[in-house]
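Hi,

Here's the structure I promised to pass on. Have a look, and then read on for my notes.

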Amino acid sequence: MKAFQVNAPHDFKVAEVEVPTPAAGEVLVRVAFAGICGSDMHIIHGDNAFVRFPRITGHEFSGVVEALGEGVPDVSVGDRVCVDPVISCGTCYPCRINRPNVCSALEVIGVHRNGGFEEFVSVPAANVHQVPEHISLDAAALVEPYTIAANVLDRMQPHRGDRLLILGAGMIGMTILQMARAMGIDEIIVTDVIDERLAAAKELGATHVLNSRTQDVEKEILALTEGEGVPLIADAACVPALLPQMLRLASPAGRIGLLGFSVQPSDLIQLEVIKKELTLVGSRLNNRKFPEVLALMASGKLDPLALVSHRLPLSEMPDAIDMLDHRPEEARKVLIQISA
Ligand SMILES: [Zn+2]
Ligand SMILES: [Zn+2]
């Protein structure tokens with residue numbers, strides 16, 4: 001079968017590999033669609049410290065169950081599924097307090113073991129979620145990105161009526177925007193440096209959009225909030241230098257959700273955190289958010305296909321990488337169509 005394999009940073013190709021055999025407790029999935037994510041690009045560029053090479057990447061995918069390993073009672077051949085990439089040990093401290101997405105022995109499908117950019121992938125049956133009949137498999141491949149959004153919003157503990165500021169209108173920002181609206185957050189401010197992205201955010205329901213290159217974001221946001229600041233700030237721009245501004249823009253008792261993987265330090269003025277009693281939370285992957293996202297998708301409250309800009313065959317994956325490297329503004333979610 002064909003697979004997109006990364007042999008080392010900057011060394012990747014579509015290769016012929018063996019079809020995996022599902023071990024006990026695993027299921028073999030015939031992949032339908034797999035989305036390319038920023039973190040796949042980090043692996044390709046050698047910016048992911050966790051990955052082991054060679055690796056077939058891809059952690060956002062859907063498909064149809066093709067075969068079962070031993071001891072898999074709850075899944076059947078032919079089931080339409082999407083796959084939670086988080087594999088946890090169940091016994092370490094974070095697992096014991098129900099935080100399996102930061103398990104001490106965390107394994108991520110597509111990072112620590114092979115993922116969805118191949119015709120068949122074997123995954124633990126426990127990670128498989130049934131896709132309701134009326135959700136298409138291309139939409140189902142986008143469940144994982146929405147779980148990132150659901151997770152950071154959960155970590156920020158929204159209260160009824162809270163305003164939300166989203167920094168960055170790329171894919172993560174857009175999924176947070178849709179998820180926040182689906183959860184009943186009405187007033188959402190989105191900032192970015194690209195006007196086209198801001199226009200798209202407006203279309204998807206942002207109440208205010210600000211271009212941080214051409215507008216004075218701090219002045220505008222303080223005016224919009226009667227000087228109070230914003231209780232919920234989601235950092236989907238992931239630029240370390242923005243943290244001091246987030247501290248200034250947060251309202252007293254505000255919560256700031258961080259998603260960036262940068263190793264660059266950020267300036268942090270303790271007084272800003274203390275005087276307003278701010279909460280800074282990290283959010284990694286997702287903590288069992290697949291059922292919630294699938295339910296919202298089934299109810300029509302999310303619009304995943306609005307985020308898809310390209311559908312390409314696996315053979316064109318290297319071209320897709322080239323586009324995302326050199327012309328990222330041309331793309332939103334790139335879906336690789338594998339067997340559907
Ligand atoms: Zn991702
Ligand atoms: Zn664990």
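This is a predicted model: local features need pLDDT of at least 70, side-chain atom pairs count only at pLDDT 80 or more; totals for chains, interfaces and linings use all residues.

Residues are numbered from 1 along each chain as its sequence is written, chains are lettered from A and ligands numbered from 1 in the order in which they are written, and side-chain values use heavy atoms, with hydrogens and water left out.

Let's take the zinc ion (ligand 2). Its protein donors are Cys-89, Cys-92, Cys-95 and Cys-103, each through SG, at 2.3 to 2.4 Å. (Donors are N, O and S atoms within 2.8 Å of the metal, or 3.2 Å for Na, K and Ca; water is not among the atoms, so sites may look incomplete.) Along the chain these donors are spaced C-x2-C-x2-C-x7-C. The four donor atoms make angles of 104 to 119 degrees, and the site comes out as tetrahedral (four donors, all angles between 85 and 135 degrees). For reference, the ideal angle for four tetrahedral donors is 109.5 degrees. Cys-95 counts as buried because its relative accessibility is 8%, and Cys-103 does too, at 5% (buried means under 20% relative accessible area, with a 1.4 Å probe and protein chains only).

On to the zinc ion (ligand 1). Cys-37 (SG), His-59 (NE2) and Glu-60 (OE) coordinate it at 2.1 to 2.6 Å, with the spacing C-x21-H-E. (Helices, H or I, of at least four residues and strands, E, of at least two are DSSP runs, numbered from the N terminus.) Cys-37 has 19% relative accessibility, so it counts as buried; Glu-60 is buried at 1%.

As for the record, UniProt (unreviewed entry) lists residues 7-336 as "domain: Enoyl reductase (ER)"; such annotations may be inferred rather than shown by experiment. That span is 27% helix and 26% strand, and its end C-alpha atoms lie 20 Å apart.

Lastly, there's an open, antiparallel sheet of three strands in the order E2-E1-E4. Strand E2 (11-16) and E4 are at the edges with a single partner strand each, so one side of each has no neighbour in the sheet. Strand E1 (residues 2-8) pairs with E4 over two bridges (pairing takes at least two DSSP bridges), and Val-6 has Arg-55 of E4 as its bridge partner.

Cheers

Note on methods
Four donors count as tetrahedral if all angles lie between 85 and 135 degrees; four count as square planar and six as octahedral if opposite donors are over 155 degrees apart and all others between 65 and 115; anything else is irregular. Buried means under 20% relative accessible area, exposed over 50%, partly exposed in between (1.4 Å probe, protein chains only).
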